[in-house]
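Reader: I would like to go through the charged side chains of this protein. Please show the sequence and the structure before we start.

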Amino acid sequence: MTTWTSLFLLLGVGLLAVDAAAPWWKTASFYQIYPRSFKDTDGDGVGDLNGVTEKLEYLKEIGVTATWLSPFLKSPMADFGYDISDFKEVDPLFGSMEDFENMVARAKELDVKIILDFVPNHSSDECDWFLRSAAGEEEYKDYYIWHPGFVDGNGNRSPPTNWVSVFRGSAWEWHEGRQEYYLHQFHKKQPDFNFRNPVVREEMNNVLRFWLEKGVDGFRVDAIYHAFEIEADENGNYPDEPRNDWTNDPDEYGYTHKIYTVDQPETPHLVYEWRQILEQFQADNGGEERILMVETWSPIEIVMDYYGNSTADGAQIPFNFQLITNLNYDSDAYHYEYLINNWLNLMPEGKSANWVIGNHDKNRVGSRFGADRVDLFNILLLTLPGCSITYNGEEIGMLDGYVSWEDTVDPQACNGYESNYMDMSRDPARTPMHWSDETLAGFTSGKSTWLPVSTDYRQRNVKTERGVSLSHLNVYKRLQQLRQEPSIEEGSAEIKAVSNYVLAVKRHLSGDYVYISLFNIFDNIENVNLSQVFGSLPAQFQYALVTEKSIKRVGDQVSANSVTLMPHEAIVIRSSTTV
């Protein structure tokens, strides 16, 4: 613990200063929409693009800069859109290309930027490219990873390696037509592209160019760390991965240690190439900077490579999953402090931080950390330096919905066993958005929904929370207003654990007010002397943001020498004078 307490970072104004010409994304508030579950306008129980368009004004209401949309492209839906059969077509389930264009046009009117989910690692096995590859057509035969496997003395054929799919079982699937195995790191209906083939790379480059022409402001790149596998040897063979000793189930993804199927050294350079495409498009067409957000669950040192190197820029936003991965219900303030400052310390000079605590692949924040901590995490996310990414529904404190085994559709769970499906399923975090206390949460006018609506929707919904002054939604909206304050938008940051129980985030800018966010993580009442935590503080502060756990009101005065926090309370206070 003593090491963690010494690992605080005082970020100079020069490092985090934002001037009038700063890129729009550096301190943006991003909002992830899972379209299937956001808003249904045609009554079929599945969200659609017109539903997103209808709710764009809501995004403005809650202070969102840009929205990242999970996939809505043409797909057989084996993995709910992450198995794409046509990378340049909207799936009819979500609407039409005209609906997409109308959404983009309305977003531009409202100044809400649109980020497309780009899925480059694999396609659907119903994609024309795969069908042609499986048929052995010369132009397409190496678009994917193929191997005949091995035949033993008894004539039994086995897969090329012991590689395991994320969704359980062998990562190799036999194709009867081609008489070879193809690699699929996810579902068997999601064959992996061969990115060592330059023609494949150019196909993906053209996908980016197509959607840039359609007006998107950037891309969230899915599962980038899977893009390359180790190169085959001179005989075209691949090595087995070493065993892990914590499971004896050969179908379990963790059965092998992933040294050949993820985090290959070529992968960040693929992102550097895509950054060049975005920059060239901007040079040719003008407008604001287009961005890359990349998903990689890699060790932090590897994640930093995605920012770029000494000769090339990479992604503006390599997702920071340190909080979502490493925090748990019992983590103390020193753990929070370490994870935050470790990212800031390792981040290359001149780059910008980002913070993620929820998404469509993880249980909801309130279900992981407790419903009493929803405001705490939203305040943390929105007062740290850099940009934030909020998953739809977290602003109203949505919890995981119950989804029975019979109603479960997530292949990650369905490929396993009923006895432990809840541990594997991502469905509970994907239940429909709660818009009101009306039937089916105002999500649809239909009679049913693709996943069950959570039973608590009458208490946790946008309509109800709009009318409650210290609801999760109104706390979130107030936070977005505070993010516009110069000290929070442009200022330096100092993050410290006050004790095991309390975390403090100080934001300050010369000539402006000092803002301090305080987080009481656990169940006891805590008192903090901030003058002993941060140097040269003004003596008096006032409450700038409170929650329903607070016994104070906005505007109340408080001495820096004695700030009392209720259990699980998080607040923002502002100095009474500028510094």
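Author: What follows is a set of questions and answers on a predicted model.

Reader: Which side chain of opposite charge is nearest to D192?

Author: D192 sits in the loop between β10 (180-183) and α7 (198-213). D192 is buried yet has no salt bridge. A salt bridge requires the nitrogen and the carboxyl oxygen to be within 4 Å, and the nearest side chain of opposite charge is 11 Å away. That side chain belongs to R196.

Reader: How many residues apart in sequence are the parts tied together by R466 and E61?

Author: The side chains of R466 and E61 meet in a salt bridge, 2.7 Å from N to O. R466 lies in helix α16 (residues 462-466) and E61 in helix α4 (residues 56-61), so the parts that the pair ties together are separated in sequence by 405 residues.

Reader: Is R201, which pairs with E273 in a salt bridge, buried or exposed?

Author: The side chains of R201 and E273 meet at 2.2 Å, N to O. The pair links helix α7, which holds R201, to helix α8 (residues 267-285), which holds E273. E273 is partly exposed, at 28% relative accessible area. Buried means under 20%, and R201, at 19% relative accessibility, therefore counts as buried.

Technical notes:
Residues numbered from 1 in each chain as written. Predicted model: local features only at pLDDT ≥ 70, side-chain atom pairs only at ≥ 80, totals over all residues. Heavy atoms only, no water. Helix = DSSP H or I, 4+ residues; strand = E, 2+ residues; numbered from the N terminus. Buried < 20%, exposed > 50% of the residue type's maximum accessible area, 1.4 Å probe, protein only. Lys, Arg positive; Asp, Glu negative; His and termini not counted.
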